[in-house]
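Here are my notes on the model you sent. Please read them with the coordinates open.

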Amino acid sequence: MDIKYTDQQIVELITERKVLPDNWRTQLNKHNSLYIIGENGNRFRLIINQNEKYPSDFSVILAVINPKTGIFRIRRYNGMPKRPHNNKIEKQKIHGYHIHYATERYQERGYDEDAYAKEMDRYNNLEGALQCLIQDANFESPAQLELELF
């Protein structure tokens, strides 16, 4: 399968500075998304989904939008799965909260770009997952920028 982004390009997308709009908190809820232009001109989409019946079943996703190839999920912070996630290449099952990572090798083998995941304990709810993604993907809030000015 075609490689849309190499591992190096994925790292560059993650580390690209992304400034959140002033009202970003009011724009995001349990089933919404937010578009952000990165410092290098890449267009990103921050997506939140949460199951109404099972609040621990959620996803917080960072994707880049490529005009030629569409949406490419870079990272996906998932809640507690109803069934284990399976890392197909490593033949490893993930049972708890986990983060999906886009990788070149999963793309090469024809799997979803973010099919590889690691179990972790950095969050245990939707808000925690959102904060982890914001921290991990070089997002800045307008309040942070104001503090830097003084």
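This is a predicted model: local features need pLDDT of at least 70, side-chain atom pairs count only at pLDDT 80 or more; totals for chains, interfaces and linings use all residues.

1. The main core. The largest nonpolar core has 32 residues. Those with the most contacts inside it are L46, V60, L62, I74, Y77, Y123 and L130. The top contributor is α4, with 6 residues. In soluble globular proteins, nonpolar side chains tend to be buried together.

2. Strand β4. This strand is mostly covered, with 8 of its 9 residues buried. On one side, β4 pairs with β3 in the antiparallel sense, over 8 bridges. N49 stands opposite S59 of β4 in that pairing. Strand β5 also runs antiparallel to β4, again with 8 bridges. Here L62 has R75 in β5 as its bridge partner. A hairpin of 3 residues makes the link from β4 to β5.

3. V60 in its setting. V60 is among the core residues with the most contacts. Beyond its sequence neighbours within four places, V60 is in contact with L46, I47 and I48, with R75, R76 and Y77, and with L126, A129, L130 and L133.

4. K18. Is this lysine buried or exposed? K18 is buried, because its relative accessible area is 0%, below the 20% cut-off. K18 sits in strand β1 (residues 18-19). Its side chain reaches the backbone oxygen of E16 at 2.7 Å. E119 is another matter: the C-alpha atoms of K18 and E119 are separated by 26 Å, and the two are 101 residues apart along the chain.

5. H100. This histidine belongs to strand β8 (residues 98-101). H100 counts as buried because its relative accessible area of 2% is under 20%. Which polar partners does the side chain of H100 have? One is the side chain of N78, in a polar contact of 3.4 Å. Another is the backbone oxygen of D114, reached at 2.8 Å. Not counting residues up to four places away in sequence, H100 touches I74, R75, R76, N78, H85, D114, A115, Y116 and A117.

Conventions: Residues are numbered from 1 along each chain as its sequence is written. Side-chain values use heavy atoms; hydrogens and water are left out. Helices (H or I, at least four residues) and strands (E, at least two) are DSSP runs, numbered from the N terminus. Buried means under 20% relative accessible area, exposed over 50%, partly exposed in between (1.4 Å probe, protein chains only). A polar contact is a pair of N or O atoms within 3.5 Å; within protein, one must be able to donate a hydrogen and the other to accept it, and residues adjacent in sequence count only if both atoms are side-chain atoms. Contact means heavy atoms within 4.5 Å. A nonpolar core is a set of buried Ala, Val, Leu, Ile, Met, Phe, Trp, Tyr and Cys residues joined through side-chain atoms within 4.5 Å. Two strands pair if DSSP finds at least two bridges between them.
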